[in-house]
Every structure is written in structure tokens, then in C-alpha cells.
Amino acid sequence: MRFIRSLIILSLVAIGIFFVLEQFDPPADEAKDKISKVVKEKKNLLENKSVPEKRVEKIPLDGDIYQWVGQSSDKLIESLGEPERKDKSAYGYTWWVYTDQTSQYIQFGILDDEIVTIYATGDDLDIEPIQIGQDYQTVDDALSFSNEVSYNKDVSSYQFKLKPEDMEMRPLAKITDDIFIQCYFDTFTNELSSIRILTADVLLKHHPYEIAYRGNLPEEPDLSDEDWEQVDSGMEKQIFDLTNVMRNQYDMPALEWEETASEVAFTHSKDMADNHYFSHDSLDGSGLKERLAVKDIYYLSAGENIAAQYTDAPAAMIGWLNSEGHREALFNDAYTHLGVGVHHLYYTQNFLGKP
């Protein structure tokens, strides 16, 4: 299947998940209170006006995590031991996942035995001079966000152009000449939720922002059906783990994996991908309630989150985190189980409340 990264699709990504959550039990009042108590703050830099790029040769990032980019996988094993699992990505590298499944989560992207990208969230991360949970302005003061970030390599030049919503939710900063950091914010609390460190080559492969360039872009990945199956399976596990780490950050109980609900979620993701639509309702008119009934799944409450064409599982999670309806499902304390299904960058979460 051809890997889609056009600017049109990227524009759809920004708004595509903000559909009304199909939910058969309203969120518990307590959960809604917890997630709506902080009013979102707006900043002048998010207005539709140009923000000059701040010229910084090198940001003094002292945290140990930044030093891992470029290091060998052998050194990673020597320091942290074997990962919990290794998940194939759609971009050539393999995610090595380290997590306690509760309060901390780190993925190291390994390509040719070298770390080329890192995604991290949770407690006790050594990412000085910033920290998870810091407010936007404090992180901006440390990293100097700009809506235009440039990269030059040989005779090629690239300029990443961030829209106001990018600046608000996932601003980009340059660490060195060829290493960048994406900061993912919870726009409801205005706090840093997670970070992604990546080389310029990986950033160009992801293509998360509009880009003006002179030269060439990396070739689009050509994945076989078997490759996609491995990528999708890994992202399902990542979404499950990240959901519980995020719930822990908001004092919500962890969810249990529900295999049958995962099958239902996968079927819906595949149906959307195969038939080129995006909706909680299938083309035959059936919704989550009907899809769960086919598998005879018993539940007291249920909800569904869907997303499409996000770069990967962490990016989809940030999209859900920053959409009110999807956020209510993520942090609903009435839910006890979760099934996840991913197919070719179509993502579905099925939440269940069981006695």
C-alpha cells in the first residue's frame, strides 16, 4: 500500500480526529471535572503572524536522554538491559520499548544498530533543562520555539513551517545542526506531555509539518503486507501502554487489555482503510454498539476513539489527548478494559466498562 504523506493529508491529520466521540455511557462526573478544571491559555505566538526564527547554534541540553542519539544499540543494552519488546516502525528503524507500564515510557528508534530517534513520556525522565509537566512558556524559554525551523545538508536546504496549531500542540526546536526535538503539549492544561528527539533524516521521513525545500526528500517507505502487519501490531501495543501511562499522570486507574475488543477495533480500522472513509459508523450504518454485539461482548459502558494518517502511535495519542471528546474517553474512570486495532495508519480504541 502506498504510504501517503501529501500536504493535503497532513492538513486532514490536524483536524481529522476531532469527530464527536460515540459513547454509550456519559463520562463520570468526577472524571469530567478532573479533565476540564484547567482553562486553556492562549499565547501571542499562536496567532497568525510570523515569528522570526531564533538563531541558536546549540541548545545546552544537559539531560542524559539527549546523549543517546547516535549511540549504539549495544551501549543501550549495556545501560538499560534488553527492551520489553522491539516494534517495527513504518520508517525503517525499529522501536525498542522500555516501560514500567505505569509511570514511565521510553522508545528508542534503532536503525543499523544506531539510535536515531527517541520518544519519551512519564515521570522521572532526565530531560533537563525541561521537564514533563512544565508549562509552555517555561519550555519555550529553554528551547526558543519558532514557526520556521531550517535545516541544511550539503547543497540541499529545508524549512519546516509550523502552523498555529502546530506551535500550540507540537512545536519544534533545533538541538544541534542535525538533531531536533518535538515537544508535545496538553493544550487543556498547557503543560508538556511528552517529547520526541530525532535526527534530521527521521524528521524528513516523518514529514509532520509543511516544508519548503531545495533538493530531495527521502523516498517513501515501500512496505509489504507482512511489514505492515508487524508495524500495526507494534503500534497497538504502544497505544495500550501509552494510554495507561497517561491515565496514571491524571490519577486514573490502569485499563486491562481486552483481546476481543481489539479484534473489533482492528476490523473497524481495516474497514476504514480499505474503503477510504473515516467515521464511527461503518458503511452499513452499524456503530460501535453493533460491532461489539457481533462478538457478544458484555459491558456496562463503552466508547470509541478513532484517528487516521498520524505519523505513528505516539502522534495519534497526542491528537486524542488534545480533543475534548476523545480525552474524555482516555480519562474516563468508568472504563476498565481497552482494545486497540491499527491498520495502515488508521487507529481505533474501544473502551469498555466491566463489573
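1. Gln182 sits in strand β9, spanning residues 179–186 (strands, E, at least two residues, are DSSP runs numbered from the N terminus). Residues are numbered from 1 along each chain as its sequence is written. This is a predicted model, in which local features need pLDDT of at least 70 and side-chain atom pairs count only at pLDDT 80 or more, while totals for chains, interfaces and linings use all residues; side-chain values use heavy atoms, without hydrogens and water.

2. Gln182 has a relative accessible area of 1% and is therefore buried (under 20%; exposed is over 50%, partly exposed in between; 1.4 Å probe, protein chains only). Its side chain makes polar contacts with the side chains of Tyr184, at 3.4 Å, and Tyr209, at 2.9 Å. Such a contact is a pair of N or O atoms within 3.5 Å; within protein, one must be able to donate a hydrogen and the other to accept it, and residues adjacent in sequence count only if both atoms are side-chain atoms.

3. Leu352 belongs to strand β15, residues 346–353. Its relative accessible area is 0%, so Leu352 is buried. The C-alpha atoms of Leu352 and Tyr299 lie 6.1 Å from each other, with the two residues 53 apart along the chain.

4. Glu114 is part of strand β5, residues 114–122. Glu114 counts as partly exposed because its relative accessibility is 37%. With Asp74, Glu78, Asp112 and Asp113, Glu114 forms a surface patch of negative charge (residues with over 30% relative accessible area and no salt bridge, like charges being joined within 9 Å; a salt bridge is a side-chain nitrogen of Lys or Arg within 4 Å of a carboxyl oxygen of Asp or Glu).

Conventions: Patches are made of residues with over 30% relative accessible area and no salt bridge: like charges are joined within 9 Å, nonpolar side chains (Val, Leu, Ile, Met, Phe, Trp, Tyr) within 5 Å. Accessible areas come from the Shrake-Rupley method with a 1.4 Å probe; for residues, only the protein chains shown count as cover. Lys and Arg count as positive and Asp and Glu as negative; His and the chain ends are not counted. The place of a charge is taken as NZ of Lys, CZ of Arg, CG of Asp or CD of Glu. Helices (H or I, at least four residues) and strands (E, at least two) are DSSP runs, numbered from the N terminus.
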